[in-house]
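Me: I have a structure open and would like to learn how to read it. Could you take me through some of its features?

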Amino acid sequence: MHMNVAPHLLTEDRAEYERVLDDALSTAHARPELAGVGSRLTVAQLRAMTLNATALVTSAAASEYDHFVKVREQNRASVGVRDPDAHDRLGTGSGAGVVAIVTVMVPVLAGAAAVIFLLVGAVLHALAPTVAFGATLLTAGLVFGSLAAAGLLCAAAGLLVTALRNSPVEVSTGGPPAAPDDELSRAREAWRLALLERGILPFLRDALAATPPDPTGP
């Protein structure tokens with residue numbers, strides 16, 4: 001059977017509500033006011049009744065819950081403001097990729113051209129020392145070799161700059177950044193305590209008191 005979530009209880013907090021309820025039921029044997037668990041109502045029956053009465057139970061801790069939700073939203077908003085460069089990194093990724101490809105391809109192509117020119121020029125110069133074309137190819141090979149070396153240096157410098165730019169940024173662990181998380185934890189615990197003490201336990205106690213003992217029970 002599908003049970004509706006209380007209007008003032010967000011769906012993401014439904015699991016937390018059920019955890020508090022399960023904790024209360026698991027420790028019912030240690031609570032004198034819940035001594036009727038098992039003889040009057042079973043744990044499964046009490047759990048189903050409390051889940052069906054979510055709106056009533058959670059209303060007892062409505063003020064604490066509203067404060068918890070408010071602090072959580074403020075915390076999420078502050079986290080979003082502190083990371084404004086995520087979109088920028090996505091937007092500039094394609095341009096940086098093109099630059100990286102060009103930086104890598106230039107020394108590779110220049111090196112290949114240098115090798116070809118030097119080999120052909122050396123062969124021509126050996127076969128026909130008087131032919132000027134062989135010397136020209138050797139000169140071109142040396143030029144492309146210098147270009148390849150310069151390209152390798154630029155590529156190394158680019159990789160170093162990229163590594164430094166993409167290195168993890170140290171986040172300060174001082175007082176101000178940690179305060180929202182501390183306040184959020186306190187607000188959550190205050191809601192859980194109020195939900196347990198003013199909502200779940202009184203509901204379970206009243207449900208047990210309104211149910212006569214089962215004569216066929218243990």
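This is a predicted model: local features need pLDDT of at least 70, side-chain atom pairs count only at pLDDT 80 or more; totals for chains, interfaces and linings use all residues.

Me: Which residues of helix α2 are buried?

Reply: Let's begin with the terms. Buried means under 20% relative accessible area, exposed means over 50%, and partly exposed lies in between (1.4 Å probe, protein chains only). Helices (H or I, at least four residues) are DSSP runs, numbered from the N terminus. In α2, which spans residues 43–52, the buried ones are Leu46, Thr50 and Leu51. Because they cover an arc of only 130° around the axis, they sit on the same side of α2; that arc is taken from the directions from the helix axis to the C-beta atoms. Ala44 and Asn52 are exposed on the other side of α2.

Me: And what does Met49 touch, leaving out residues up to four places away in sequence?

Reply: Contact means heavy atoms within 4.5 Å. Met49, a residue of helix α2, touches Leu41, Phe203 and Ala207 on that count. Met49 and Phe203 are 154 residues apart along the chain, yet their C-alpha atoms are separated by 9.2 Å. Met49 is partly exposed, at 32% relative accessibility.

Me: How many salt bridges does the structure hold?

Reply: Side chains of opposite charge can pair when their charged atoms come close. A salt bridge is a side-chain nitrogen of Lys or Arg within 4 Å of a carboxyl oxygen of Asp or Glu. The structure holds 11 of them. In one of these, Glu12 pairs with Arg76, with the closest N and O atoms 2.7 Å apart. Glu12 lies in the segment before α1 (14–26) and Arg76 in helix α4 (residues 62–82), so this pair ties together parts that are 64 residues apart in sequence.

Another salt bridge joins Arg192 to Glu16, where the closest N and O atoms are 2.3 Å apart. Since Arg192 is in helix α8 (residues 175–209) and Glu16 in helix α1, this pair ties together parts that are 176 residues apart in sequence. Glu16 is buried, with a relative accessible area of 12%.

Me: How many aromatic pairs are there?

Reply: Rings of Phe, Tyr and Trp (its six-membered ring) pair if their centres lie within 6.5 Å; planes under 30 degrees apart count as stacked, over 60 as edge-to-face and the rest as tilted. By this rule there are three aromatic pairs. Tyr65 and Phe68 form a tilted one, 6.4 Å centre to centre with 50° between the planes. These two residues are three apart in helix α4, which means about one helical turn separates them. The rings of Phe68 and Trp191 are stacked, because their centres are 5.6 Å apart and their planes at 10°. This second pair links distant parts of the chain, with Phe68 in helix α4 and Trp191 in helix α8, 123 residues apart. Tyr65, Phe68 and Trp191 form one aromatic cluster.

Me: Finally, which residues make the nonpolar surface patch?

Reply: Patches are made of residues with over 30% relative accessible area and no salt bridge: like charges are joined within 9 Å, nonpolar side chains (Val, Leu, Ile, Met, Phe, Trp, Tyr) within 5 Å. Accessible areas come from the Shrake-Rupley method with a 1.4 Å probe; for residues, only the protein chains shown count as cover. Here Val115, Ile116, Leu119, Val120, Leu124 and Phe133 make a patch of about 540 Å². Helix α6 (residues 93–127) gives the largest share, five residues.

Technical notes:
Residues are numbered from 1 along each chain as its sequence is written. Side-chain values use heavy atoms; hydrogens and water are left out.
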